[in-house]
Amino acid sequence: MKLAPRFAVLLAAAAVVAGCAPQTSDNSASDKDETSGTLRVWLFQEVGNDPKAKVVDSVVADFEKAHKGTKVDVEYIPIDTRAQRVKAAFNDPKSAPDVMEYGNTDTAGYVHDGGLLDVTKEFGAWSESKDTDPTAKQSVTVDGKQYGSPFYVGVRALYYRTDVFKDLGLQPPKTMAELAATARKIHKAKSDLYGLVVGGAYTYGAMPFVWANGGELATGTNGTYTSAIDSAAAQKGIKAYTSLFTSDNCPAAKCAVMGGNDTITAFAAGKAGMAIGGDFSHSAVEAGKVKGKYAVVPLPGVASGSVAPAFAGGNNIGVLKSTSHRTLAVDLMEQLTSKATQASMFDAMGFLPTYTDVRDAAAAKVPFEKPFVQTLAAGTKFVPASPGWSEIDSSLVLPTMLQEVISGKKSVAAASKDAAKKMNDAFSSAG
């Protein structure tokens with residue numbers, strides 16, 4: 001879920017300005033670069049989409065005014081059916097849009113399928129791109145080339161019950177060890193609450209424990225990756241996370257099957273003292289029983305005062321390789337992901353900007369965002385830029401590993417070794 005509308009973020013560059021026309025490149029599948037006509041755009045349909053559509057309509061109006069003879073046709077597509085729509089578009093260019101929003105973990109797969117246009121030169125020449133968060137830029141990068149522009153970013157931090165902490169005389173934990181100890185203190189004192197609600201199917205709730213302990217998902221460059229989930233450091237992080245699935249915190253019988261949404265639902269319903277949730281979880285928590293009785297801090301790392309690296313989720317906007325309006329499409333991509341547009345999207349939907357300066361302004365205007373911005377500033381992580389990641393993700397390799405450990409079916413070493421083999425098979429088969 002996304003956040004409710006906010007107060008406007010004031011920026012010096014608040015107006016949408018038409019960018020300089022990018023230079024035509026020769027890597028388009030189409031030999032045309034028409035300077036007028038209709039541009040088709042696919043964006044994701046959000047829960048409560050009207051605020052997003054209002055911002056987009058404003059960008060489109062300015063774009064059409066700046067490009068005489070050009071019309072922009074925007075279609076909002078359901079997120080849960082995007083895979084089929086995108087696959088069909090790649091196979092039939094005539095049905096494809098010119099510009100498309102897509103999940104940032106899909107980049108490598110879409111590039112591998114030949115669907116996205118290389119916009120490296122334009123992105124590099126665009127003055128605003130220099131302020132893009134490094135991890136956000138990484139999410140549009142495959143083999144050193146850019147295939148889109150980041151649209152927004154989302155990260156997770158630690159939600160905690162201020163009333164429970166006050167009642168028990170607790171302070172927000174400053175290390176992962178303190179996090180586990182605090183969780184058990186909460187459950188011991190209030191047996192009806194999970195201390196820290198965790199999920200065995202919550203990949204991006206677990207990964208900060210791996211990263212904070214020095215582990216990685218995989219290592220490699222130029223599209224070639226080898227799993228590192230079975231390294232000693234990664235195993236230490238897996239053990240730290242799975243050790244929380246116990247009767248004195250979050251019983252395995254209930255928590256092993258939980259995903260990220262389940263943990264936030266439990267916290268919002270007043271069933272947990274702490275939870276790992278995203279900035280995008282805010283509206284769900286606000287709508288629950290804990291409204292007015294919670295706060296958020298960065299998830300602590302291993303060392304006191306450190307922040308555990310979080311996964312940088314979010315969406316990007318790219319141009320399809322099949323477009324016959326290459327120059328116009330790249331220009332529209334830039335306008336849809338510009339600083340001014342991202343500031344407006346933050347105000348309308350709560351999407352965290354991918355530009356560091358715009359994000360700082362957002363945090364200053366909306367204090368709730370401060371811990372998430374601090375998490376981003378501390379350094380975030382991303383998934384391997386391999387088309388094999390989609391197979392790893394969809395086949396639940398990591399949740400299966402976690403659940404095998406939680407159930408006692410396998411040791412951390414055995415489960416992580418098996419997961420590493422599955423990951424390497426996926427990396428190899430993807431090419």
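What follows is a talk about the labels put on this chain and the values behind them.

Modeller: First the ground rules: this is a predicted model, so local features need pLDDT of at least 70 and side-chain atom pairs count only at pLDDT 80 or more, while totals for chains, interfaces and linings use all residues. Residues are numbered from 1 along each chain as its sequence is written, and side-chain values use heavy atoms, with hydrogens and water left out.

Colleague: How many helices and strands are there in the chain?

Modeller: The chain has 19 helices and 13 strands. Those are DSSP runs numbered from the N terminus: helices are H or I with at least four residues, strands are E with at least two.

Colleague: What makes the chain as compact as a globular protein of that length?

Modeller: Its radius of gyration is 22 Å, close to the 22 Å that the globule rule gives for 431 residues, so the chain is as compact as a globular protein of that length. The radius is taken over C-alpha atoms, and the rule is 2.2 Å times the number of residues to the power 0.38. Along the principal axes, the C-alpha trace spans about 70 × 50 × 35 Å.

Colleague: What share of the residues in the chain is buried?

Modeller: Buried residues are 56% of the 431. The label means under 20% relative accessible area, with exposed over 50% and partly exposed in between (1.4 Å probe, protein chains only).

Colleague: Why do Arg 326 and Glu 122 count as a salt bridge?

Modeller: A salt bridge needs a side-chain nitrogen of Lys or Arg within 4 Å of a carboxyl oxygen of Asp or Glu. Here the N to O distance is 2.7 Å, so Arg 326 and Glu 122 qualify. Arg 326 is in helix H13 (residues 326-336) and Glu 122 in helix H4 (residues 120-125), so the pair ties together parts 204 residues apart in sequence.

Colleague: And are those two partners, Arg 326 and Glu 122, buried or exposed?

Modeller: Arg 326 has a relative accessible area of 1%, so the label is buried. Glu 122, at 6%, is buried too.

Colleague: What about Arg 184 and Asp 248: how far apart are their closest N and O atoms?

Modeller: They are 2.9 Å apart, and Arg 184 forms a salt bridge with Asp 248. This pair links distant parts of the chain, with Arg 184 in helix H7 (residues 176-189) and Asp 248 in the loop between helix H9 (232-242) and helix H10 (252-255), 64 residues apart. Arg 184 has 24% relative accessible area, so it counts as partly exposed. Asp 248 gets that label as well, at 31%.

Colleague: Which residues does Asn 249 touch, leaving aside its neighbours within four places in sequence?

Modeller: Arg 184 is one of them, and the others include His 187, Tyr 194 and Leu 244. Contact here means heavy atoms within 4.5 Å. Asn 249 sits in the loop between H9 and H10, and its relative accessibility is 0%, so it is buried.

Colleague: Where do Asp 425 and Lys 421 lie?

Modeller: Both are in helix H19 (residues 412-430), four residues apart, about one turn of the helix. Lys 421, at 54%, counts as exposed, whereas Asp 425, at 43%, is partly exposed.

Colleague: How many salt bridges does a search of the whole structure find?

Modeller: The search turns up 17.

Colleague: Last one: why is Gly 109 called buried?

Modeller: Its relative accessibility is 17%, which falls under the 20% cut-off, so Gly 109 counts as buried. Gly 109 belongs to helix H3 (residues 107-112).
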